[in-house]
Amino acid sequence: MGEAELKWKHTALLVIDMQKDLILPYSPASVKGGEAIVPNVIKAVEVARSRLIPIIWVVREHDPLGRDVELFCRHFYAEDKCKLVVKGSTGAELVDGLKIKSHDYKLVKTRFSAFLNTNLHLYLQGAGINKLIVTGVQTPNCIRQTVFDAVSLDYHEVTVIVDATVAATSDIHNANILDMKNIGVAAPTLEEWCKSDD
């Protein structure tokens, strides 16, 4: 095993909520700026694959009646509404350019944190993973809560790629990145992360 492979041996890439209903502008739940980070998320996935880093696709998939959705989002599932990220729907699919491969891992969540009521921690422990790279949407919600849980669970390194994550505004994004840095989270740009083998 080469030095670069050893460097990334205990690392996984989390790609969070890069789904059509949460990214594309037709949706009432789309994150402004979500489309702009798609190329960077695609690049992060490509680099992770080249480093043999496992890819974990964290997605929301909800019951069509919204019975497993947070209370504050249940209005999206009323009879006359569009019913967001319903399991099996087009809106729950990943945006174009992102594809789950057979050796990747897909994790379905119904809350902000990818750790809450899922088997993510058990999966990562079983795979010997103690370092996480995080991409996706959106910074104050699913990114932040997943990252804070990872830190609470004592993952050795947690990294958020700042330009492969996004919030509704740059001010919100930057404030949340600062909060995560203050608890020891690394926040490189995609370019910095791509060069981190050097």
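**Overall view. The protein chain and its secondary structure.** The protein chain holds 7 helices and 5 strands, where helices (H or I, at least four residues) and strands (E, at least two) are DSSP runs numbered from the N terminus. Read along the sequence, these elements follow the pattern α-β-α-α-β-β-α-β-α-β-α-α. Along its principal axes the C-alpha trace spans about 55 × 35 × 30 Å, and 46% of the 198 residues count as buried, buried meaning under 20% relative accessible area with a 1.4 Å probe and protein chains only.

**Close-up 1. The cis peptide bond between Val 137 and Gln 138.** The peptide bond that joins Val 137 and Gln 138 is cis, with an omega of about -20°. Gln 138 is placed in the loop between strand E4 (131-137) and helix H5 (139-152). Most peptide bonds are trans.

**Close-up 2. The backbone at Asp 17.** Asp 17, although not a glycine, has a positive phi of about 60°, and it is found in the loop between strand E1 (11-16) and helix H2 (20-23). Because its relative accessibility is 2%, Asp 17 counts as buried. Most residues other than glycine have a negative phi.

**Close-up 3. The backbone at Val 85.** In the loop between strand E2 (55-60) and strand E3 (105-109) lies Val 85, which is not a glycine and yet has a positive phi of about 40°. Val 85 has a relative accessibility of 2% and so counts as buried.

**Notes.** Residues are numbered from 1 along each chain as its sequence is written. In this predicted model local features need pLDDT of at least 70, side-chain atom pairs count only at pLDDT 80 or more, and totals for chains, interfaces and linings use all residues, while side-chain values use heavy atoms, with hydrogens and water left out.

Conventions:
Buried < 20%, exposed > 50% of the residue type's maximum accessible area, 1.4 Å probe, protein only.
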